[in-house]
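Thanks for coming, everyone. Let me put the structure up, and then I'll walk through the chains, their domains and their contacts.

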Amino acid sequence: MEKAYLPEGFKKKYQAILGKEADDFFKSCNNRLTKAIRINQLKKGSSAIDILKKEIIIKEIDWLKGSYLVESEVSAFGNSIEQLSGLFQMQEVSSVLPAVVLSPSSTDVVLDLCSAPGNKTACLAEIMNNKGLIVANDADAKRIKTLVYTLKKLGIINTIVTCRNGIDYNLNNIKFDKILIDAPCSGEGLVRKKADALRDWSERLVSAKAELQKKLIVSGFDLLKENGELVYSTCTLSPEENEEVIDYILKIRTDAKIVDIPIKQMIPGVSDGFTNYKEKKLNKDICKAIRIWPHKTNLEGFFICRIRKCRI
Amino acid sequence: MKIMTESEQNRLLKHLESRFGISEKIFSKFIFLSQGNSSFLISNDKKAEIKKIISQNAETIKSAGIELFSDNKRFIPCSLGFCTFDFKDIMHNFVVIERQQAKDYFEGTTIDVKKIIDNHKNLLSDGYIIAIYNETIIGTLLFEKKQGKLIPNIVYKNKNVK
């Protein structure tokens with residue numbers, strides 16, 4: 001197994017954040033992530049379970065219905081008829097959570113601002129039972145192809161795909177009940193999946209992503225209806241790209257309030273969002289966010305926060 | 001992207017009924033859209049919002065719902081779009097295939113299956129037909145009766161399908 005590349009600056013940063021726990025975190029970066037699949041309920045995906053069980057060892061995650069951990073070699077099922085038919089999709093457990101936390105209803109109008117490659121959009125559609133409406137956007141024209149293919153393969157019929165820059169997104173003043181911003185990030189959480197995920201990591205990259213993320217969260221928040229909700233997520237662990245982004249929107253939009261995440265209690269090993277970072281005091285409600293550390297959860301590193309637009 | 005006129009929509013519905021026996025009723029929950037030569041179906045739950053978005057943002061919309069035909073004029077179906085239907089809705093011009101043929105289908109290999117064609121001979125005519133595997137529509141094939149061949153209608157060919 002290839003050893004994960006961890007830049008010195010990265011190690012120094014997390015040594016300061018985690019203290020005694022840092023060694024456990026660095027060790028966990030070298031433990032490859034257990035693959036997971038998501039059964040597509042929109043396509044009678046459960047019929048694939050028996051077939052899959054003949055080929056591979058899968059174990060349903062008791063706190064996340066429809067998601068299974070795969071305890072066999074990925075090559076045993078990666079290109080199966082069932083996957084190509086859209087009966088199931090390979091999807092890490094952490095990346096299912098933002099859609100579950102947003103939990104849109106079948107009558108909602110939903111925006112997925114940074115949608116490609118489309119797995120989270122598909123989860124939203126599944127939760128909505130393929131009803132209501134999802135606008136799935138991505139700024140990257142190249143990634144739109146993958147997004148469209150994923151949605152078609154999984155039988156999603158309630159989605160319009162747009163290609164626009166997320167930071168000034170506007171569809172002629174249409175407002176949304178729910179918005180997902182799974183923001184582009186430095187990808188620190190991916191290191192267990194891809195050993196060289198941190199090859200290009202630097203504090204400069206983290207800062208650049210944080211600037212973009214602040215613009216995206218403001219753009220998204222302003223597109224919410226009153227009482228609408230937004231979920232902000234990243235697959236990175238840097239507080240600059242997570243808690244500080246949330247703190248920023250809470251400061252500049254007084255109608256933004258952090259909301260509890262019910263599923264949080266069910267995820268083994270999950271942590272609270274930070275309310276202090278580098279001697280800075282952040283909004284105390286940020287503790288309601290979900291911080292997924294690989295060494296505590298055995299999952300992909302992730303951050304998720306739920307925000308409501310309240311009446312002032 | 002634009003909303004189809006009633007006559008454009010009726011033309012497609014007639015073809016779907018005559019070619020595959022798919023009842024018009026199935027489409028009552030959809031809005032028909034078109035972009036270039038292609039047609040799309042989107043759930044009509046949020047009709048007002050969809051109409052507003054489509055009419056005012058046509059240039060930035062890359063796709064909507066499922067693609068039904070990649071070429072409306074020649075009625076070339078989009079395989080992934082047809083997978084959205086229930087296999088029970090298809091009355092004719094379909095074949096029920098086995099696992100090996102389903103693998104061949106996804107690998108994009110021409111399926112030489114005389115036996116399968118014989119089993120379905122009264123249900124098939126030249127042109128595009130629907131492939132059903134394990135009670136699921138997996139796509140469409142081009143049927144050439146004279147050659148007794150079924151040619152997968154897929155965009156992405158896969159290798160070593162399991």
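Let me begin inside chain B. Here, 7 residues of domain 1 of chain B are in contact with 8 residues of domain 2 of chain B. Contact means that the C-beta atoms of two residues, placed from the backbone, lie within 7 Å. On the domain 1 side of that contact in chain B, there are 4 nonpolar, 2 polar and 1 charged residues. For these classes, Ala, Val, Leu, Ile, Met, Phe, Trp, Tyr, Cys and Pro count as nonpolar, Asp, Glu, Lys and Arg as charged, and the others, Gly among them, as polar.

Some ground rules. This is a predicted model: local features need pLDDT of at least 70, side-chain atom pairs count only at pLDDT 80 or more, and totals for chains, interfaces and linings use all residues. Residues are numbered from 1 along each chain as its sequence is written, while chains are lettered from A and ligands numbered from 1 in the order in which they are written.

Where are the domain bounds in chain B? Domain 1 covers 2-77 and domain 2 covers 87-152. These bounds come from an automatic or database domain assignment. The C-alpha centres of the two domains of chain B are 25 Å apart.

Now chain B as a whole. It has 5 helices and 11 strands. Both are DSSP runs numbered from the N terminus: helices are H or I with at least four residues, strands are E with at least two. Chain B has a radius of gyration of 17 Å, close to the 15 Å from the globule rule for 162 residues, so it is as compact as a globular protein of that length. The radius is taken over C-alpha atoms, and the rule is 2.2 Å times the number of residues to the power 0.38. The C-alpha atoms of chain B fill a box of roughly 50 × 35 × 25 Å along the principal axes. Of its 162 residues, 36% count as buried. Buried means 20 or more other C-beta atoms within 10 Å of the residue's own; exposed means 12 or fewer, and partly exposed is in between, with C-beta atoms placed from the backbone. Take the contacts in chain B between residues at least 6 apart in sequence: 61% join residues at least 24 apart.

On to chain A. It has 10 helices and 15 strands. Its radius of gyration is 19 Å, which agrees with the value near 20 Å that a compact globule of 312 residues would have. The C-alpha trace of chain A spans about 55 × 50 × 35 Å along its principal axes. Of the 312 residues of chain A, 53% count as buried. Among its contacts between residues at least 6 apart in sequence, 76% join residues at least 24 apart.

Domain 1 is 13-31 + 93-309, and domain 2 is 34-91. Their C-alpha centres are separated by 24 Å. The contact between them takes 13 residues from domain 1 of chain A and 13 from domain 2 of chain A. On the domain 1 side, α5 and α6 (119-127) of chain A each give two or more residues. The largest share of that side, 4 residues, comes from α6(A).

Look at strand β1 (36-39) of chain A. Both of its faces are covered: A:A36 and A:R38 on one side, A:I37 and A:I39 on the other, are all buried. Strand β1(A) runs antiparallel to β3 (67-70) of chain A, joined by 3 bridges. Pairing requires at least two DSSP bridges between the strands. A:A36 stands opposite A:L69 in β3(A). Another 3 bridges join β1(A) to β4 (88-90) of chain A, also antiparallel. There, A:R38 stands opposite A:Q89.

How many residues does each chain bring to the contact between chains A and B? Chain A brings 29 and chain B brings 34. The chain A side divides into 14 nonpolar, 11 polar and 4 charged. Strands pair here too: β7(A) and strand β4 (61-64) of chain B run antiparallel, joined by 3 bridges. Within that pair, A:T162 has B:I61 as its bridge partner.

Last stop, the core. The largest nonpolar core has 133 residues, and those with the most contacts inside it include A:L124, A:I304 and B:I42. Such a core is a set of buried Ala, Val, Leu, Ile, Met, Phe, Trp, Tyr and Cys residues joined through C-beta atoms within 7 Å.
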